[in-house]
Amino acid sequence: MRIIAGAHKGARLSSPSGANTRPTSDRVKESLFSMLDGYGVLPAANVLDLFAGSGGLGFEAMSRGAAQVDFVDSSLAATRALESNTDKLGLDHSAEVHTGDVLHFLAGLPRPENPESRVFDLVFMDPPYPLGEDAVTQILRRLSTHLDMESIVVVERAARSPEPTMPDGLEVFRSKTFGETAIHFVQLVGEPDEVSAAED
């Protein structure tokens with residue numbers, strides 16, 4: 001697996017040995033980041049990469065101008081690969097690797113009323129395809145308190161899976177299918193007065 005553009009273009013990433021990961025293909029990654037470039041979300045972004053695997057999406061975001069990435073994966077093999085890739089790319093100062101369950105990680109973040117609360121500009125969520133839709137919705141619900149109106153969540157699922165069910169406050173604003181892979185772009189729902197103003 002390699003980084004396809006930006007400051008670290010061409011850099012090869014280590015993959016977890018013996019881990020059951022599913023790296024995003026170069027074709028999907030190139031199309032995804034072209035769309036993210038169009039939204040202007042990458043420069044100086046605070047990024048969260050859930051079910052990170054080898055970190056292909058998070059490191060690609062860093063290569064293209066993101067300021068900080070938090071990687072989360074429950075697999076020790078994956079987090080070892082993430083730490084190796086962080087060292088290889090010299091990103092120790094701007095990438096943090098967390099070993100553990102995604103929901104536990106999100107539950108441990110300071111609540112919005114806490115001055116130390118985290119808000120993420122861009123979130124990659126690439127759970128194992130067998131993960132149930134209820135679990136995906138639960139993660140999105142927990143994640144929603146750490147987003148603002150400019151944040152984008154990218155959910156990768158199998159093309160044959162239904163569109164993720166959104167918890168209150170979130171909506172899918174764009175979906176695209178690449179062969180067996182479906183990408184869903186998620187954001188906070190705008191306030192009614194903002195929607196009316198946009199329509200006027």
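1. The largest nonpolar core of this predicted model holds 31 residues, and the members that touch the most others are Leu 32, Leu 36, Leu 122, Phe 124 and Val 154. A nonpolar core is a set of buried Ala, Val, Leu, Ile, Met, Phe, Trp, Tyr and Cys residues joined through side-chain atoms within 4.5 Å. Buried means under 20% relative accessible area, exposed means over 50%, and partly exposed lies in between, with a 1.4 Å probe and protein chains only. At least two residues of this core come from each of helix H1 (26-39), helix H2 (56-63), strand E2 (68-73), helix H3 (76-89), strand E4 (122-125), strand E5 (152-158) and strand E7 (181-188). H1 gives the most, with five residues. A second, separate core has 20 residues, including Phe 105, Val 153, Val 155 and Leu 170.

2. Residues are numbered from 1 along each chain as its sequence is written, and side-chain values use heavy atoms, with hydrogens and water left out. Because the model is predicted, local features need pLDDT of at least 70 and side-chain atom pairs count only at pLDDT 80 or more, while totals for chains, interfaces and linings use all residues.

3. The protein contains six helices and seven strands. Helices (H or I, at least four residues) and strands (E, at least two) are DSSP runs numbered from the N terminus. Read from the N terminus on, the order of elements is α-β-α-β-α-β-α-β-α-β-β-β-α.

4. The overall dimensions may be considered next. A compact globule of 200 residues would have a radius of gyration near 16 Å, and the protein agrees with its 16 Å. This radius is taken over C-alpha atoms, and the globule rule is 2.2 Å times the number of residues to the power 0.38. The C-alpha trace spans about 50 × 40 × 35 Å along its principal axes.

5. Of the 200 residues, 45% count as buried. The protein exposes about 9500 Å², of which carbon and sulfur atoms supply 47%; accessible areas come from the Shrake-Rupley method with a 1.4 Å probe, and for residues only the protein chains shown count as cover. Among contacts between residues at least 6 apart in sequence, 68% join residues at least 24 apart, where contact means heavy atoms within 4.5 Å.

6. Not counting residues up to four places away in sequence, Leu 122 touches Leu 36, Val 41, Leu 42, Asn 46, Val 47, Leu 48, Ile 152 and Val 154. Ile 152 lies in strand E5 and is buried, because its relative accessible area is 6%. With neighbours within four places in sequence left aside, the contacts of Ile 152 include Leu 36, Tyr 39, Leu 122, Phe 173 and Val 186. Ile 152 and Val 47 are 105 residues apart in sequence, and their C-alpha atoms are 9.8 Å apart in space.

7. Gln 68 is placed in strand E2 and counts as partly exposed, because its relative accessibility is 21%. Leaving out residues up to four places away in sequence, Gln 68 touches several residues, among them Ala 45, Val 47, Met 62, Ser 94 and Arg 118. From Gln 68 to Ser 94, 26 residues apart in sequence, the C-alpha distance is 4.8 Å.

8. Two residues other than glycine deserve a check of the backbone. Ala 44 has a positive phi near 60°; Ala 44 is in the loop between H1 and strand E1 (46-50) and counts as exposed, because its relative accessibility is 58%. Phe 51, in the loop between E1 and H2, has a positive phi of about 55°.

9. Ala 5 belongs to the segment before H1. Apart from its neighbours within four places in sequence, Ala 5 is in contact with Glu 60, Ser 63 and Arg 64. The C-alpha atoms of Ala 5 and Val 119, 114 residues apart along the chain, are separated by 26 Å.

10. The charged side chains number 17 positive and 30 negative, and the centres of the two sets lie 10 Å apart. Lys and Arg count as positive and Asp and Glu as negative, while His and the chain ends are not counted. The place of a charge is taken as NZ of Lys, CZ of Arg, CG of Asp or CD of Glu.
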